[in-house]
Amino acid sequence: MKTLTTTEELAQFCEMARKEPYVTIDTEFLRERTYYSKLCLVQMAMPGDSDDNAVLVDPLVDGLSLEPMYELFRDTSVVKVFHAARQDLEIFFVEAGVFPDPLFDTQVAAMVCGFGEQAGYETLVRKIAKQSLDKSSRFTDWSRRPLTDAQKTYAIGDVTHLRKIYEFLSAKLAETKRAHWVEEELQMLTRPETYIIDPENAWKRVKTRTTSPKFLAIVRELARFRENHAQSRNIPRNRVFKDDALVELASTKPANMNDLSRSRLLLREARKGEIADGILAAIKAGKECPQDNMPRLPKRDDKLQVNPALADLLRVLLKAKTESSSVAPKLIASSADLDTLASGGRDVQALHGWRHEVFGQDALRLCEGKVALAAKGNNIKIVSL
């Protein structure tokens, strides 16, 4: 395997890759000490059985530009293959505002092709590539240089085995005519809003039992301050203060440094300086928020109550449908989706796209009393009424 350390070497590899039908890609990164992931290594491989077609790219080398790789990402004639692409895509979007196009995610494809809900890379390597992986280097510090031989071997394996996995799953999708199912799923991964966290909406991520608009106004201001502070300094939001401390602050509403010092859950570093000033200002802004600008959670319609018997029938139907189609159940509908359907709600993914074809249309008929379920041996049969 070769490690590329110059822009010229990377450009040469990417030019060769642009002549191929696909290229496999993976990254190694760190995020424990930063808000945004720190890219430490990129692995790429072209088709073939040899490791000579695979390279490591060191983005930490001074002067190396990843622009040749981003040009490859923009080349729509080459499929860019990842496994569990979300975190990789976030890195590239934050770094360069680019998404690989077209994209193929073997984790999503494996769930569509009957490999279950936990379609981990190691499992696919064992079942499809008939190889084993040494995962001992998985949690090493990828920012340290030089990389060890064990790290390099581990890293390159994430793209060399991926070639066989992609070819197998791609053929399976063509055979079952399900390629468009995967394409539907991947559309969400290539939307900028998937990766942009707007400080204005950060409060919606905070779990709280209190729904009072006055309380939520303080939560909103605290969450906004925390997100802005974390983003501007590139530190994890939990290093500013954690969610439990945020909820405590919104409840106790400290008005000065002395009040703030009594917090049970606030980190010591947050009791002084910029963070402490920001907390007090946020609480003051939340308390002074005009009534018509206070955040409100969506109202629940008390009339929509879950019919437990119908919810159980929907679970039986989902199990039957996923077994017959060999698709992971959670890819079609979550338990919450089924409860929503059983309460009369219709705003669920299961009623759209390929999910509607596989499960949604029969789920609606079941909810409307147009079909029943009957057991026939080990199978569940849908009976029209």
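Start with the largest pocket, which holds about 1400 Å³ of space. A pocket here is an open set of points on a 1 Å grid over the protein atoms alone, where a 1.4 Å probe fits, with protein on both sides within 12 Å along at least five of seven lines. Its volume is the space filled by probe spheres set on the points, joined across faces, edges and corners.

This is a predicted model, in which local features need pLDDT of at least 70, side-chain atom pairs count only at pLDDT 80 or more, and totals for linings use all residues. Residues are numbered from 1 along each chain, and side-chain values use heavy atoms, without hydrogens and water.

Next, select His 83, Ala 84, Ala 85, Arg 86 and Gln 107. They lie nearest the centre of the largest pocket, among 48 lining residues (those with an atom within 4 Å of a point). By class, the lining has 18 nonpolar, 12 polar and 18 charged residues.

Now show strand E2 (22-30). E2 gives the largest share of this lining, six residues. Helices H3 (86-96) and H6 (149-176) are among the others that each supply at least two. Helices (H or I, at least four residues) and strands (E, at least two) are DSSP runs, numbered from the N terminus.

Move to helix H1 (residues 7-17) and helix H2 (residues 67-74). They pack at about 15 degrees, with axes 8 Å apart. H1 is therefore roughly parallel to H2 (angles under 35 degrees).

Last, select Thr 7, Leu 10, Ala 11, Cys 14 and Ala 17 in H1; they meet Pro 68, Met 69 and Leu 72 in H2 (heavy atoms within 4.5 Å). Seven of these contact residues are nonpolar, one is polar and none is charged. Ala, Val, Leu, Ile, Met, Phe, Trp, Tyr, Cys and Pro count as nonpolar, Asp, Glu, Lys and Arg as charged, and the others as polar.

Definitions and conventions:
Axes are lines fitted to C-alpha atoms, for helices over the stretch in contact, and angles run from 0 to 180 degrees between N-to-C directions. Angles under 35 degrees count as roughly parallel, over 145 as roughly antiparallel, 65 to 115 as roughly perpendicular and the rest as oblique.
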